[in-house]
Amino acid sequence: MSLQDDLTAVRRNLNELVRSVERLERDVKDAARQAPGTTRAPRQEGMVPVPDAPYDSTLWQDVDDEGLGARDRRAP
């Protein structure tokens with residue numbers, strides 16, 4: 001492909017992206033008009049308390065170690 005072909009493809013893709021975003025914006029506005037009573041819960045900012053108590057060990061039963069593979073097999 002030539003540089004001109006690449007630029008044409010980029011322009012075409014960019015135009016399609018712009019059209020898709022415009023459609024998405026219209027859909028969001030339409031959805032907001034159709035369901036005016038529904039709003040999102042406000043986002044809570046700040047610190048989240050983490051208890052000092054240990055986690056229940058049954059939560060981790062039969063869990064693979066992330067990145068290390070299963071316990072009964074060797075890591076890659």
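This report covers the fold, salt bridges and nonpolar surface of a predicted model.

## Overall fold

Of its 76 residues, 3% count as buried. The exposed surface comes to about 8000 Å². Carbon and sulfur atoms supply 55% of that surface.

## Salt bridges

Side chains of opposite charge can pair when their charged atoms come close. The count here is three salt bridges.

Glutamate 16 pairs with arginine 19, with the closest N and O atoms 2.9 Å apart. These two residues are three apart in helix α1, so about one helical turn separates them. Glutamate 16 also forms a salt bridge with arginine 23, at 3.5 Å between the closest N and O atoms. Relative accessibility is 36% for glutamate 16, 41% for arginine 19 and 37% for arginine 23. Glutamate 16 is therefore partly exposed, arginine 19 is partly exposed, and arginine 23 is partly exposed.

Aspartate 30 and arginine 33 meet in a salt bridge, 3.0 Å from N to O. Both lie in helix α1, three residues apart, about one turn of the helix. Shared partners join Glu16, Arg19 and Arg23 into one network. Arginine 33 is exposed at 60% relative accessibility, while aspartate 30 is partly exposed at 33%.

## Nonpolar patch

Val50, Tyr55, Leu59, Trp60 and Val63 make a nonpolar surface patch of about 560 Å². Leucine 59 sits in the segment after α1 (3-34). Its relative accessibility is 52%, so leucine 59 counts as exposed; the cut-off for exposed is over 50%.

How values were computed
Residues are numbered from 1 along each chain as its sequence is written. This is a predicted model: local features need pLDDT of at least 70, side-chain atom pairs count only at pLDDT 80 or more; totals for chains, interfaces and linings use all residues. Side-chain values use heavy atoms; hydrogens and water are left out. Patches are made of residues with over 30% relative accessible area and no salt bridge: like charges are joined within 9 Å, nonpolar side chains (Val, Leu, Ile, Met, Phe, Trp, Tyr) within 5 Å. Accessible areas come from the Shrake-Rupley method with a 1.4 Å probe; for residues, only the protein chains shown count as cover. A salt bridge is a side-chain nitrogen of Lys or Arg within 4 Å of a carboxyl oxygen of Asp or Glu. Helices (H or I, at least four residues) and strands (E, at least two) are DSSP runs, numbered from the N terminus. Buried means under 20% relative accessible area, exposed over 50%, partly exposed in between (1.4 Å probe, protein chains only).
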